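This briefing covers selected local features of one structure. Please keep the coordinates open while reading.

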Amino acid sequence: MTLSDSTPAQTLGSTASDSAGASKKQCRATVGPKNQPTSSMLIDDMPPMGIYETLYRFKDVFGAHMGTKNTHPWSQGFPLTTPLEKFGGPELPPSVDVTWNDRFYPKAWGHPELRQAVAGYYNDNYGCGIDPENVMIFAGGRPGIYTVLNFLKEQVEVRIGNVEWPAYLDILTQTKTNFKVVPFTKENNFHPPNADYYDRTGLNASTHILPVISNPSNPTGHTRAGDELKELMELAEQSKNGILLDEAYEWFHEGSVSGMQYVKDLENSNVFITGACTKGLQCPGIRIGWVVASKKNIETLSNYSSFGMGGVSHPSQLYAVKLLEPSRVKKAKKAVQEHYAWQRTRYGTAFKNLGINVYTGDGGFYHWLELPEGMTAKELNERLFEKGAAILCALDCDMARPHDKSEYVSPYGRFFRFSFGPLLPETFESDMELFSGVYLQYKKDIGIE
């Protein structure tokens with residue numbers, strides 16, 4: 001049968017229906033009670049990041065997704081995406097123009113305008129002398145981190161703090177990276193000295209060391225700045241050393257902080273600095289991040305992109321160029337620092353008044369908190385779920401745990417991360433009223449005065 005433009009629609013519909021019916025019968029015929037389920041060809045060890053596990057559990061208990069009406073995203077790591085008007089923050093660009101040229105494939109290493117804008121940002125703000133060729137653009141900060149770790153040589157040993165961003169553990173596990181945990185304790189105030197990351201005790205001469213550090217820290221807020229940060233970068237540039245410094249929270253500290261300020265010879269180093277539009281630039285949804293490194297290392301990363309990524313969205317990159325306009329950056333950085341310092345102080349005071357131990361540093365937009373003895377963050381979270389709120393249990397930030405944490409007992413069972421990143425200034429009282437109500441009832445129920 002030949003179908004033409006004049007073929008009645010009803011005939012076409014009947015033919016399609018008959019065909020679909022036959023296909024369904026054939027499919028049904030191949031599925032029977034004797035057939036065994038086909039095992040997946042994909043790996044089994046692929047749990048979601050801990051934050052997502054919290055969100056899934058929250059929905060199971062509360063019956064709605066976090067972010068919907070009457071929910072409180074204290075577990076969430078995103079900033080406000082509206083202007084910080086109280087502190088003079090600039091407007092966020094409402095749109096970006098897309099031309100015929102922007103619909104071509106993007107370059108593997110990033111849009112020339114954005115690479116120039118990122119290089120210019122570091123040169124203007126930290127006195128660097130880097131070129132656009134020292135910058136590679138990724139679809140957010142974490143793909144850059146993943147890519148660096150995925151292509152490390154076998155003789156590289158990663159050092160990572162005992163308490164860090166949950167996704168690091170997932171990335172280290174899936175990339176089969178060799179890593180060692182650096183202790184984070186009350187005794188070192190969850191802020192070990194730089195030298196602990198480069199301790200060569202027990203290593204052979206061929207092993208190279210690459211610490212992975214978030215600075216300011218997610219989740220503790222502790223920050224390496226000034227002479228301490230300078231010392232860290234000096235260690236990173238020594239023979240057989242390197243560093244992957246995740247600066248997602250760079251602006252969330254007085255004066256802002258970047259290891260790039262202290263790098264002496266980027267071209268002859270294994271220094272990798274990651275940044276993004278996600279936090280300080282208040283645009284997590286455009287998924288733009290970058291890695292700054294030697295031109296040789298950037299070439300390796302871009303070669304991977306040529307076959308493994310295919311580049312990053314042109315419109316998103318052009319939007320990021322607008323965000324990085326120098327006069328806008330100056331206003332935005334000041335507003336971010338002042339707004340979140342204000343929020344950090346008042347939430348910290350409120351937690352202290354409740355008798356909760358506060359171990360937070362002076363950066364980021366999280367509080368690192370410890371419950372009284374006899375309480376656990378997991379039980380507190382279960383009670384918060386019922387009220388439409390959630391925190392992040394420190395278990396998820398524990399880099400010493402196995403990937404499957406179902407039977408693991410963390411030394412941080414009483415610790416949790418509270419995010420004030422997405423919270424509006426006007427919700428402070430209601431947030432603390434809800435939290436304190438759940439917290440005090442929990443204490444009462446278990447007999448803690």
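The model is predicted.

**Sheet layout**

- Four strands form an open sheet in the order β8-β9-β11-β10, and their pairing is antiparallel.
- The edges are β8 (357-358) and β10 (392-393), each of which pairs on one side only.
- β10 and β11 (residues 415-419) run antiparallel and are joined by 2 bridges.
- Across this pairing, Leu 392 is opposite Arg 417 in β11.
- The antiparallel pairing of β9 with β11 extends over 5 bridges.
- Here Glu 370 stands opposite Phe 415 in β11.

**Burial of β11**

- Strand β11 is mostly covered, with 5 of its 5 residues buried.
- In a regular strand, side chains alternate between the two faces of the sheet.
- One side of β11 carries Phe 415, Arg 417 and Ser 419, and the other carries Phe 416 and Phe 418.
- These residues are all buried, and both faces of the strand are covered.
- Two of the residues named in the pairings return here: Phe 415, which faces Glu 370, and Arg 417, which faces Leu 392.

**Helix across the sheet**

- Helix α10 (residues 326-353) lies across β8, β9 (366-370) and β11.
- The angle between α10 and β9 is about 15 degrees.

**Helix α8**

- Buried residues in α8 are Asn 297, Ile 298, Leu 301, Ser 302, Tyr 304 and Ser 305.
- These residues lie on the same side of α8, because the arc they cover around the axis is only 155 degrees.
- Their packing partners are the helices α3 (112-126) and α4 (141-150) and the strands β1 (135-138), β6 (271-276) and β7 (289-292).
- On the other side of α8, the exposed residues are Lys 296, Ser 306 and Phe 307.

Notes
Residues are numbered from 1 along each chain as its sequence is written. This is a predicted model: local features need pLDDT of at least 70, side-chain atom pairs count only at pLDDT 80 or more; totals for chains, interfaces and linings use all residues. Side-chain values use heavy atoms; hydrogens and water are left out. Two strands pair if DSSP finds at least two bridges between them. Contact means heavy atoms within 4.5 Å. Axes are lines fitted to C-alpha atoms, for helices over the stretch in contact, and angles run from 0 to 180 degrees between N-to-C directions. Buried means under 20% relative accessible area, exposed over 50%, partly exposed in between (1.4 Å probe, protein chains only). The arc is that of the directions from the helix axis to the C-beta atoms.
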